[in-house]
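Welcome! Keep the viewer open as you read.

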Amino acid sequence: MRAIRVLALLALTACGIRNPVRNTVVIEPANDGRHVTVTARTDIGDSGSDAQERERIRETGAALLEHRDPWAPRFAGVSAAAERVAYDKSGGALRHFEHSVTIAIDDLQRLMGEIGTVQSTGSERWSELAFYPASSVRATHRQRDDVEAAMHTWSHDAVSYFHELDALYRYLDRQPQRARAVFTILFSDKDDEHSTIEEEDALITAVNNAMTATIDHVDAAKRDGVTLDEEFDLVFNPLPGEIVVRVPGPILESDGFERRDERTVAIPRSGLVDAVLSLEGRWATPDPLAILGHADETNATAPKPEEIAAQPRRSNGSVTAEEIERALAARLRPTSAYRVRWGN
């Protein structure tokens with residue numbers, strides 16, 4: 001019997017699904033109510049997972065330094081009261097790049113119009129900034145085809161996984177005294193550490209095979225050094241990275257944004273891994289794949305088998321591929337409106 005390999009499962013995030021290039025846009029309205037500073041920040045990971053991805057990372061760095069990145073013409077198209085460029089290198093490779101401009105707040109729509117509608121309103125006592133994202137037009141036809149194919153494949157992979165997990169949990173409902181042994185085997189990296197009976201062996205192997213198929217399809221679906229995480233972002237998200245808004249006064253109201261502190265809100269970028277892990281518990285509890293994925297994302301230790309065995313078990317072996325696709329798409333798209341109001 002072949003138990004699930006922890007290292008193989010943790011390859012879910014190491015096989016190129018995470019985008020090594022992270023973009024953040026910081027918007028800082030000024031106290032005068034008439035100006036705003038916009039900073040486009042790019043952070044680049046240490047290396048890519050293959051030669052094509054490494055070349056893409058190198059080209060991203062070169063484009064930034066040579067002002068060929070997407071933000072350079074946007075900034076050039078507005079009248080800036082102040083402008084700043086800064087960058088950091090490590091081992092000769094670009095790791096961090098910032099380009100910021102201070103512009104009239106009325107020019108913010110012109111600068112960021114591609115994301116939808118940006119509105120600035122206010123009175124003597126308060127100011128407000130609102131975003132109404134449009135549908136994303138950032139992806140090419142090929143990238144949309146890649147994402148459609150990946151969603152179709154993964155949703156069917158997930159159906160198989162939940163079906164096999166449901167069969168295992170129905171067995172444990174009949175034999176609850178075997179739960180600790182089964183989860184120990186399921187999360188073990190040794191084949192002979194614990195003994196099983198024939199029915200358990202088949203059920204655990206079926207879950208393992210379903211999870212391995214998912215990982216193999218993720219790894220095989222990479223295209224031209226562009227990670228799937230980035231392709232999904234281009235298809236579903238019109239926003240050019242994570243949007244952070246830092247306001248000059250105390251926040252009075254906030255809708256849609258994630259609150260960071262008393263003067264900072266954000267529209268966090270929801271990557272593919274984030275979307276997948278956010279669905280934990282929707283169709284199965286406990287969810288072995290999500291458990292290991294969360295542990296890998298946070299560099300934490302996964303719960304012990306006896307802790308997992310003690311959790312109430314729930315599974316849905318009848319979930320459809322269409323349900324899974326709709327749930328992932330809903331998680332990947334931004335909400336329809338974001339608004340923050342602060343005191344002057």
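Glu98 sits in strand E4, which covers residues 93-104. Please keep in mind that this is a predicted model.

- Is Glu98 buried or exposed? Glu98 has a relative accessible area of 16%, and because buried means under 20%, Glu98 is buried.
- The side chain of Glu98 makes a polar contact of 3.0 Å with the side chain of His96.
- A polar contact also links the side chains of Glu98 and Arg84, at 3.2 Å.
- Leaving aside residues up to four places away in sequence, Glu98 touches Thr39, Ala40 and Arg41, along with Arg84, Val85 and Ala86.

**Helix H6**

- Helix H6 runs over residues 179-186 and is mostly covered, with six of its eight residues buried.
- Which residues of H6 are buried? They are Ala179, Val182, Phe183, Thr184, Ile185 and Leu186.

**Where H5 and H12 cross**

- Helix H5 (residues 141-174) and helix H12 (residues 321-332) have axes that come within 8 Å and cross at roughly 120°.
- With that angle, H5 and H12 are oblique to each other, and their crossing is right-handed.
- On the H5 side, the contact is made by Met151, His152, Ser155, His156, Ala158, Val159 and Phe162.
- On the H12 side, Ala321, Ile324, Glu325, Leu328 and Ala329 take part.
- How many residues of this contact are nonpolar, polar and charged? The contact of H5 with H12 has eight nonpolar residues, three polar ones and one charged.

- Ser315 belongs to strand E12, made up of residues 314-315.
- Ser315 is partly exposed, and its relative accessible area is 24%.
- The side chains of Ser315 and Asp166 are joined by a polar contact of 2.5 Å.
- Not counting residues up to four places away in sequence, Ser315 touches Asp166, Tyr169, Trp283 and Ala284.
- Ser315 and Gly281 lie 34 residues apart in sequence, and their C-alpha atoms are 8.8 Å apart in space.

Methods. Residues numbered from 1 in each chain as written. Predicted model: local features only at pLDDT ≥ 70, side-chain atom pairs only at ≥ 80, totals over all residues. Heavy atoms only, no water. Helix = DSSP H or I, 4+ residues; strand = E, 2+ residues; numbered from the N terminus. Buried < 20%, exposed > 50% of the residue type's maximum accessible area, 1.4 Å probe, protein only. Polar contact = N/O pair within 3.5 Å; in protein donor to acceptor, adjacent residues only side chain to side chain. Contact = heavy atoms within 4.5 Å. Axes fitted to C-alpha atoms, helices over the stretch in contact; angles between N-to-C directions. Parallel < 35°, antiparallel > 145°, perpendicular 65-115°, else oblique. Left-handed = near helix turned anticlockwise from the far one by under 90°. Nonpolar A, V, L, I, M, F, W, Y, C, P; charged D, E, K, R; others polar.
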